[in-house]
Amino acid sequence: MTTEMTEKIDEYIDKFIASDLVLIKIKEENYPINSLRRIFLQRIKERKIENITSYTFLGELYLEKI
C-alpha cells in the first residue's frame with residue numbers, strides 16, 4: 001500500500017468518524033473495489049477503530065458505523 005493510498009483511506013475514515021452519518025458509499029474509480037475494501041479493513045484494524053467496518057454490497061463499497 002502506497003503512502004498516497006494510506007493518506008486517502010485515512011482521510012475517508014477521519015471524515016466519516018467526524019460526521020453524523022452512519023453509512024456512506026465510497027466512489028473511487030481509480031482502484032478495484034475489493035482491493036479498496038481490504039485496505040479500508042486493514043487501516044481500520046491498524047488504527048484500532050472498533051465501531052467502523054467496510055464491505056461491498058451489490059458491487060458498491062461502503063463504510064458503516066456499527
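Lys15 is exposed, with 56% relative accessible area (exposed means over 50%, buried under 20%, partly exposed in between; 1.4 Å probe, protein chains only). This is a predicted model: local features need pLDDT of at least 70, side-chain atom pairs count only at pLDDT 80 or more, and totals for chains, interfaces and linings use all residues. Residues are numbered from 1 along each chain as its sequence is written, and side-chain values use heavy atoms, with hydrogens and water left out.

The structure holds six salt bridges. A salt bridge here is a side-chain nitrogen of Lys or Arg within 4 Å of a carboxyl oxygen of Asp or Glu. Three of them are tabulated below, including the one formed by Lys15.

| Pair | N to O distance |
|---|---|
| Lys15 and Glu11 | 3.3 Å |
| Asp10 and Arg47 | 3.3 Å |
| Asp14 and Arg47 | 2.5 Å |

Take Lys15 and Glu11. They sit four residues apart in helix α1, so about one helical turn separates them. Glu11 is partly exposed, at 46% relative accessible area.

Helix α1 covers residues 3-18 and includes Asp10. Helices are DSSP runs of H or I with at least four residues; strands are runs of E with at least two; both are numbered from the N terminus. Asp10 is buried, at 16% relative accessible area. Beyond its neighbours within four places in sequence, Asp10 is in contact with Arg43 and Arg47 (heavy atoms within 4.5 Å).

Asp10 forms a salt bridge with Arg47. That pair links distant parts of the chain: Asp10 is in helix α1, while Arg47 is in the loop between α2 (33-46) and β2, 37 residues apart. Arg47 is partly exposed, with a relative accessible area of 29%.

Arg47 also forms a salt bridge with Asp14. Asp14 belongs to helix α1 and Arg47 to the loop between α2 and β2, so this pair ties together parts 33 residues apart in sequence. Asp14 is partly exposed, at 38% relative accessibility. A network of salt bridges links Asp10, Asp14, Arg43, Glu46 and Arg47.

Now the strands. β2 (residues 52-57) pairs with β3 (residues 60-65) in the antiparallel sense, over six bridges. Pairing requires at least two DSSP bridges between two strands. Ser54 stands opposite Leu63 in β3. The hairpin of β2 and β3 has two residues between the strands, and Leu58 takes a positive phi near 50° there.
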